Amino acid sequence: MAQSFSPGDDLIFQLESGYGLLRVLASEGEGAMTVWHLLAYEEFFPTVESAEQALADPDTLRVRNPHMALTDRAFERTPTARLGNRPVRVQELAAYHEWLHSENKVISDRSALLLLGIR
């Protein structure tokens with residue numbers, strides 16, 4: 001199943017203790033060969049509405065992981081929903097560009113939540 005997310009999408013995921021936020025920085029490839037590039041925020045929120053309010057002023061959010069490269073399969077195993085889309089800022093892409101220019105491009109087949117140590 002192909003994901004229908006785009007760069008700049010803010011995504012929410014639910015845990016027992018609340019909601020967390022991810023951001024799509026980029027994607028490359030097609031179908032099962034797609035690699036998703038995500039940013040993860042540190043904060044957790046008690047409601048979807050409070051997460052949306054935080055996204056209204058994204059400069060107040062702290063970044064937990066500035067770049068994670070996931071296979072399409074790993075991204076599918078990350079249960080998320082789209083909250084909205086806003087332009088990706090240059091500073092958000094710094095870690096992604098570093099990954100692009102590195103010799104060792106690690107792409108994980110583990111879900112984003114596992115990579116973050118959340119599940």
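Which residue in S3 does Val-24 stand opposite? Val-24 stands opposite Leu-38. The model is predicted: local features need pLDDT of at least 70, side-chain atom pairs count only at pLDDT 80 or more, and totals for chains, interfaces and linings use all residues. Residues are numbered from 1 along each chain as its sequence is written, and side-chain values use heavy atoms, without hydrogens and water.

The chain holds 4 helices and 5 strands. Helices (H or I, at least four residues) and strands (E, at least two) are DSSP runs, numbered from the N terminus. Their order along the sequence is β-β-β-α-β-α-β-α-α.

Strand S1 (residues 9-15) runs antiparallel to S2, joined by 6 bridges. Strands pair if DSSP finds at least two bridges between them. S1 and S2 make a hairpin with 2 residues between them. Leu-15 has Gly-18 in S2 as its bridge partner. S2 is also antiparallel to strand S3 (residues 35-45), through 8 bridges. The hairpin of S2 and S3 has 6 residues between the strands, and Gly-29 takes a positive phi near 90° there.

Strand S2 (residues 18-28) is largely enclosed by the rest of the structure, because 9 of its 11 residues are buried. Buried means under 20% relative accessible area (1.4 Å probe, protein chains only). Across the 119 residues of the chain, 45% count as buried.

Residues 24 or more positions apart supply 68% of the chain's contacts with a separation of 6 or more. A contact means heavy atoms within 4.5 Å. The C-alpha trace spans about 40 × 30 × 25 Å along its principal axes.

Terms used. Buried < 20%, exposed > 50% of the residue type's maximum accessible area, 1.4 Å probe, protein only.
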